[in-house]
Amino acid sequence: MSVVTRDVYKIPIVRVRVRHDQLGYEIELDVPRRATHRPAVRKSLAGRYYEPFSHLSFKKILDYRKNGAAIHAGTFFGDMLHTYSRSAKTLYAFEPVLENFFLAKKNAERLGLSNVILVNGALSDRNGLTEIATHDADGKFLGGASGF
């Protein structure tokens, strides 16, 4: 759980090193400790990329469209930002959950992803404010499975 004391906002994290064998990428990421039950975090804790086929596929698509912009909606803690940003001229990434946004921003900065524009917001077909469910009925953090 996030902790707020005075002017400090703390997010318990685990720093991991993940590797994608086919792409030859090896990066270091901070993952949210309270989401260790989520598939993307579990895979990262094991030192592997989550959905490696997605990384390969999107890299091929983005490489084909050289110098194009890309949009990534629901960036969670930023585990896909590295792959996408290497092939896009500009990557617009959206993450509505504040804790996930902070982690994605921190990971993007540490990896030097200067072409990533990260927005703390969700994409929708209309303007407005909405609530987002970040925990299930049992109080477990939904992580990459959050919903409206």
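Guide: Gladly, and let us begin with a term: a salt bridge here is a side-chain nitrogen of Lys or Arg within 4 Å of a carboxyl oxygen of Asp or Glu. Please keep in mind that this is a predicted model.

Visitor: What makes Glu 26 and Arg 17 a salt bridge?

Guide: Their closest N and O atoms are 3.4 Å apart, and the cut-off is 4 Å, so the pair qualifies. By this rule the count comes to 13 salt bridges.

Visitor: Why is Glu 26 called partly exposed?

Guide: Buried means under 20% relative accessible area and exposed means over 50%. Glu 26 has 41%, so the label is partly exposed. Arg 17, with 46%, is partly exposed too.

Visitor: How do you know that Asp 21 and Arg 48 tie together parts that are apart in sequence?

Guide: The two form a salt bridge, with 2.4 Å between the closest N and O atoms. Asp 21 sits in the loop between E3 and E4, while Arg 48 sits in the loop between H1 and helix H2 (52–64), so the link joins parts 27 residues apart in sequence.

Visitor: Why does Asp 125 count as exposed?

Guide: Its relative accessibility is 67%, and exposed means over 50%, so Asp 125 passes. Its salt-bridge partner is Arg 126, at 2.6 Å from N to O. Arg 126 has a relative accessible area of 61% and is therefore exposed as well.

Visitor: Which residues have the most contacts inside the largest nonpolar core?

Guide: They are Val 16, Val 18, Leu 29, Val 31, Val 41, Phe 76 and Phe 77, in a core of 17 residues. Strand E3 (13–20), strand E4 (25–32) and helix H1 (39–45) each give two or more residues to this core, and E4 gives the most, with 4. Apart from this core lies another, of 14 residues, including Ala 93 and Val 116.

Visitor: How do you know that the chain agrees with a compact globule?

Guide: For 148 residues, a compact globule would have a radius of gyration near 15 Å, and the protein chain has 15 Å, so the two agree.

Notes: Residues numbered from 1 in each chain as written. Predicted model: local features only at pLDDT ≥ 70, side-chain atom pairs only at ≥ 80, totals over all residues. Heavy atoms only, no water. Rg over C-alpha atoms; globule rule 2.2 N^0.38 Å. Core = buried A, V, L, I, M, F, W, Y, C linked by side-chain atoms within 4.5 Å. Buried < 20%, exposed > 50% of the residue type's maximum accessible area, 1.4 Å probe, protein only.
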